Amino acid sequence: MNKIINMLNKKLNKLELYQFENLIKYNGILHFITARNGGISSKPFESLNLGYKSGDKPENVRTNWKILERNLGLEDKKIVLLNQLHSDKIVIIEDILKDNSIYEKDGDAIITNQHGILIVVLVADCVPIIIYDKNNSIIAVVHAGWRGSSLNIAKKTVNQMKRSFHSKPENIIVGIGPSIGPCCYEVKKDVVKHFTDYKYAVIKRKNQYYINLWEINRAQLINAGLKESNIEIAGLCTSCNIKHFFSYRNKHPTGRFAAGVMLK
Ligand SMILES: [Zn+2]
């Protein structure tokens with residue numbers, strides 16, 4: 001992933017955004033992962049908290065969204081967020097949304113073929129995944145914590161793209177974003193039992209179990225037919241990089257950072 005420091009936000013800390021190297025070369029989309037810098041929220045949500053349900057003041061979250069929208073030139077765009085459920089529910093947006101407000105739908109993945117609609121997942125340890133069918137111009141975002149990963153949500157999202165939009169897996173490019181890494185994601189046996197098909201992604205250290213959600217999601221995407229070379233893993237652990245990303249496991253309450261993608 002590349003780090004992009006946007007200097008427009010001069011009064012505040014620099015707004016820090018990340019982009020995937022394999023997605024940045026496509027002019028048909030705008031995509032980004034936000035970080036902590038550049039917002040107005042104070043501790044423990046400092047500073048670019050984009051999650052309304054984090055416990056932060058709603059007016060601060062709203063201002064943080066405005067900062068992001070202004071810096072990315074999204075003021076007149078429609079934004080779709082999810083009421084994330086740790087499920088495998090996929091929201092498909094095939095119609096033009098009517099006004100410019102922020103929409104919220106129940107689910108953990110969004111797929112759209114509509115231009116000018118920013119689709120977003122919010123995270124603070126769970127895995128954000130950005131998906132782009134470069135031939136059919138279809139985009140998706142996925143929120144995959146351990147529950148979503150155990151429910152195969154990444155693979156199901158690709159399969160839904162195939163069914164709804166005739167996507168061919170060989171044309172699909174994916175970025176797997178920052179999340180809690182195998183270094184820090186200690187889990188109990190009741191979580192491990194959901195990943196018996198992914199033995200290589202369950203690591204035992206000093207009688208404790210750790211899970212590699214990045215590899216589990218990569219395996220699901222390859223299983224859905226994607227080329228391994230089209231999948232980029234950021235490899236950034238949120239808990240190890242607490243200065244740059246929100247990490248619920250490291251310290252909570254905390255804020256949420258965003259993974260967003262839009263067809264231009
Ligand atoms: Zn870590």
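Me: Before we start, what makes a residue buried?
Reply: A residue is buried if 20 or more other C-beta atoms lie within 10 Å of its own, exposed if 12 or fewer, and partly exposed in between, with C-beta atoms placed from the backbone.

Me: And what kind of model is this?
Reply: This is a predicted model, where local features need pLDDT of at least 70, side-chain atom pairs count only at pLDDT 80 or more, and totals for chains, interfaces and linings use all residues. Residues are numbered from 1 along each chain as its sequence is written.

Me: How many helices and strands does the chain have?
Reply: Six helices and 16 strands. Both are DSSP runs numbered from the N terminus: helices are H or I with at least four residues, strands are E with at least two.

Me: Is β11 buried or exposed?
Reply: Five of the five residues of β11 are buried, so the strand is largely enclosed by the rest of the structure. I172, V174 and I176 point one way. I173 and G175 point the other way.

Me: What strand order does the open sheet of six strands have?
Reply: The order is β5-β7-β10-β9-β11-β15, with mixed pairing. Two strands pair if DSSP finds at least two bridges between them.

Me: Which strands stand at the edges?
Reply: β5 (90-93) and β15 (231-233). Each has a single partner strand, so one side of each is left without a neighbour in the sheet. The twist averages 10° from one strand to the next. Axes are lines fitted to C-alpha atoms, for helices over the stretch in contact, and angles run from 0 to 180 degrees between N-to-C directions.

Me: Back to β11. How many bridges join β11 to β15?
Reply: Three, and the two strands run parallel. I176 stands opposite I233 in β15.

Me: And how many join β9 to β11?
Reply: Five, with the strands antiparallel. D133 stands opposite I172 in β11.

Me: Which strands does helix α4 touch?
Reply: Helix α4 (residues 153-165) packs on the sheet and touches β5, β7, β9, β10 and β11. Its direction makes about 155° with that of β10. Contact means C-beta atoms, placed from the backbone, within 7 Å.

Me: Zooming out, what share of the chain is buried?
Reply: Buried residues make up 45% of the 264 residues. The C-alpha atoms fill a box of roughly 50 × 45 × 30 Å along the principal axes.

Definitions and conventions:
Contact = placed C-beta atoms within 7 Å.
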